[in-house]
Amino acid sequence: MEWEEMFAGKFFISDLGTVQKIALADGQMSLMQYAAWAPVADEAKHQIVEISCSLEHLMQKYNVPPERVCTVA
């Protein structure tokens, strides 16, 4: 099955791995681990609607089952 078919018109979550810290001129910042993606008008396209460190929160809020959580390799 193609990526476009699997996620067309559906919310999904990307798991970017461990939380990353980046150095800034005035300190550090943590990048969130998970991103929730929502379909846009053209159902073959998506946009990020929320980022979080809580997978459970995003799965519940956007009704995303485990098979639509994608891990970035």
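A: Let's start with a polar contact: it is a pair of N or O atoms within 3.5 Å; within protein, one must be able to donate a hydrogen and the other to accept it, and residues adjacent in sequence count only if both atoms are side-chain atoms. The model is predicted: local features need pLDDT of at least 70, side-chain atom pairs count only at pLDDT 80 or more, and totals for chains, interfaces and linings use all residues. Residues are numbered from 1 along each chain as its sequence is written, while side-chain values use heavy atoms, with hydrogens and water left out.

Q: What pattern does the protein chain follow, read along the sequence?
A: Helices (H or I, at least four residues) and strands (E, at least two) are DSSP runs, numbered from the N terminus. The protein chain has two helices and six strands. Read in sequence order, the pattern is α-β-β-β-β-β-α-β.

Q: Which side chain makes a polar contact with the side chain of serine 14?
A: Serine 14 is found in strand 1. Its relative accessible area is 9%, so it is buried (under 20% relative accessible area; exposed is over 50%, partly exposed in between, with a 1.4 Å probe and protein chains only). Leaving out residues up to four places away in sequence, serine 14 touches Gln33, Tyr34, Ala35, Trp37 and Cys70, where contact means heavy atoms within 4.5 Å. The polar contact, at 3.0 Å, is with the side chain of tryptophan 37.

Q: What is the order of the four strands in the open sheet?
A: Two strands pair if DSSP finds at least two bridges between them. The edge strands, each pairing on one side only, are strand 5 (46-52) and strand 6 (69-71). The pairing is mixed, and the order is 5-4-1-6.

Q: Which residue in strand 6 stands opposite isoleucine 13?
A: Strands of a sheet pair through backbone hydrogen bonds, either parallel or antiparallel. Strand 1 (residues 12-15) and strand 6 go for the parallel sense, with three bridges. Opposite isoleucine 13 stands valine 69.

Q: Which residue in strand 3 is the bridge partner of lysine 21?
A: Strand 2 (residues 20-24) and strand 3 (residues 27-31) run antiparallel and are joined by five bridges. They form a hairpin, with two residues between them. The bridge partner of lysine 21 is serine 30.

Q: How does the pair of phenylalanine 11 and tyrosine 62 count, and why?
A: Rings of Phe, Tyr and Trp (its six-membered ring) pair if their centres lie within 6.5 Å; planes under 30 degrees apart count as stacked, over 60 as edge-to-face and the rest as tilted. Phenylalanine 11 is partly exposed at 28%, whereas tyrosine 62 is buried at 16%. With centres 5.3 Å apart and planes at 25°, the pair of phenylalanine 11 and tyrosine 62 is therefore stacked.

Q: What phi does asparagine 63 have?
A: Most residues other than glycine have a negative phi. Asparagine 63 lies in the loop between helix 2 and strand 6 and is exposed, with 64% relative accessibility. Although not a glycine, asparagine 63 has a positive phi of about 55°.

Q: How far apart in space are valine 40 and lysine 10, C-alpha to C-alpha?
A: Valine 40 sits in the loop between strand 4 and strand 5, and at 28% relative accessible area it is partly exposed. Not counting residues up to four places away in sequence, it touches Lys45, His46 and Gln47. Valine 40 and lysine 10 are 30 residues apart in sequence, and their C-alpha to C-alpha distance is 9.6 Å.
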